[in-house]
Amino acid sequence: MAILRAEHLEKAFGAAAGSKSGVMAIRGVDVEIEPGQFVAITGASGSGKSTLLHLLGGITRPTAGRVLLEGVDLAALGDDDLAVVRRRRIGFVFQRYNLLPELSLVENVGLPLVLDRIPEARCDAAARAALETVGMGHRADHRPDALSGGEQQRGAIARALVTSPAIVLADEPTGALDSENSRRVVELLRSLVADHGQTVVLVTHDPGIAAAAGRCIRMADGRIVSDTLQPGSPVGGGRPPVPRQARESNGGGGGRRAGRKRR
Ligand SMILES: Nc1ncnc2c1ncn2[C@@H]1O[C@H](COP(=O)(O)OP(=O)(O)O)[C@@H](O)[C@H]1O
Ligand SMILES: [Mg+2]
């Protein structure tokens, strides 16, 4: 079963859906993401990447269509239940880290567990372990403003991991980082897939980063315009559910993995 499945997804912003003054940010997206895939979403600025990621993560609700997470229709959940699913099953990483400035790093990382009313000592221990995983254990008691951008982003990834979520969604997590820190963040996301079997969906502008993923989805004008497996990538191709338009536009060629999907 797909871990994440979008069916005929649409999202209009602004005036009531369908009105001419609104913005149609997502115009009919069907996609399935399998457990253990490492997926990059690319496309020009304004093509709908962030909106799609927010819809997939239950951060915003679609104006039409639906999202199924592990078979559960997110539209069927009320806001409170949706918040619980989001907190427990999904880790979200933002371009600008979104760490709370008044909390230490370890308190930021433990926050999803605190909100779930886990005893404080367990929250702290789990948060410190997550910080060790991202190489930030030695910075646990610092406030975010004492950390570099790369360190804050690794902290934000630790916060996304602390609940051991099935799926990690990252919106241009390297957008504000230099190349060395970008490389570390991408390596970290790759290891979630390769070493822990988690599923990662990463939005990026950077073709070099997209190339690290096992599958690359390209968006334009609120639609998916291509969806390809990357034969050279060692991780995260998973079992490919490739939509029809991608199969048609994918031409011949492709390697072993690309061949398998036409079975
Ligand atoms: N909250 C919002 N209100 C109104 N329009 C929005 C909102 N969020 C995104 N949009 C519009 O939706 C389109 C897609 O935006 P976005 O998903 O942020 O694209 P990307 O992440 O690919 O740059 C753009 O035209 C953008 O201006
Ligand atoms: Mg964006």
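Biologist: Which elements supply at least two residues each to the shell around ligand 1?
Modeller: Strand E2 (23–33) and helix H1 (49–56) do. Keep in mind that this is a predicted model.

Biologist: Which of those gives the most to the shell?
Modeller: H1, with 3 residues.

Biologist: Which residues are around ligand 1?
Modeller: Phe13, Gly14, Val23 and Ala25 are among them. The list also includes Gly43, then Ser45, Gly46, Ser47 and Gly48.

Biologist: What follows H1?
Modeller: Gly58, with a positive phi near 70°. Arg61 lies in the loop between H1 and E4.

Biologist: Is Arg61 buried or partly exposed?
Modeller: Partly exposed, because it has 15 other C-beta atoms within 10 Å. Its C-alpha atom is separated by 9.5 Å from that of Glu10.

Biologist: Switching to sheets. In what order do the strands of the open sheet with E2 run?
Modeller: The order is E2-E1-E4-E5. That makes 4 strands, and the pairing is antiparallel.

Biologist: Which strands stand at the edges?
Modeller: E2 and strand E5 (72–73). Each has a single partner strand, so one side of each is left without a neighbour in the sheet.

Biologist: How many bridges join E1 to E4?
Modeller: 5, between strand E1 (residues 4–13) and E4. These strands run antiparallel. Glu7 stands opposite Arg66 in E4.

Biologist: And how many between E4 and E5?
Modeller: Strand E4 (residues 64–69) pairs with E5 over 2 bridges, in the antiparallel sense. Leu68 stands opposite Asp73 in E5.

Biologist: What is in the turn between E4 and E5?
Modeller: The two strands form a hairpin with 2 residues between them. Glu70 sits in the turn and has a positive phi of about 50°.

Biologist: Now E9. What does it pair with in the parallel sense?
Modeller: Strand E3 (residues 38–43), over 5 bridges. Thr42 stands opposite Arg218 in E9.

Biologist: What about E10? Parallel or antiparallel to E9?
Modeller: Antiparallel. 6 bridges join E9 to strand E10 (residues 223–229). The bridge partner of Arg218 in E10 is Ser226.

Biologist: How many residues of E9 are buried?
Modeller: 5 of the 6 in strand E9 (residues 215–220), so the strand is largely enclosed by the rest of the structure.

Biologist: What is Asp221 doing in the turn?
Modeller: E9 and E10 form a hairpin with 2 residues between them, and Asp221 is in that turn. Its phi is near 50°, a positive value in a residue other than glycine. Asp221 counts as partly exposed because it has 14 C-beta neighbours inside 10 Å.

Biologist: What about Ser164? Where is it found?
Modeller: In the loop between H5 and strand E7 (167–171). Ser164 has a positive phi of about 50°, although it is not a glycine.

Biologist: Is Ser164 buried or exposed?
Modeller: Exposed, because it has 12 C-beta neighbours inside 10 Å.

Biologist: Last topic, helix packing. How do H3 and H5 cross?
Modeller: The axes of helix H3 (residues 105–115) and helix H5 (residues 149–161) cross at roughly 30°. They come within 7 Å.

Biologist: Is that roughly parallel or roughly perpendicular?
Modeller: Roughly parallel, because angles under 35 degrees count that way.

Biologist: Right-handed or left-handed?
Modeller: H3 passes H5 in a right-handed crossing.

Technical notes: Residues numbered from 1 in each chain as written. Chains lettered and ligands numbered in written order. Predicted model: local features only at pLDDT ≥ 70, side-chain atom pairs only at ≥ 80, totals over all residues. Buried ≥ 20, exposed ≤ 12 C-beta atoms within 10 Å, placed from the backbone. Pairing = 2+ DSSP bridges. Near = placed C-beta within 6 Å. Axes fitted to C-alpha atoms, helices over the stretch in contact; angles between N-to-C directions. Parallel < 35°, antiparallel > 145°, perpendicular 65-115°, else oblique. Left-handed = near helix turned anticlockwise from the far one by under 90°.
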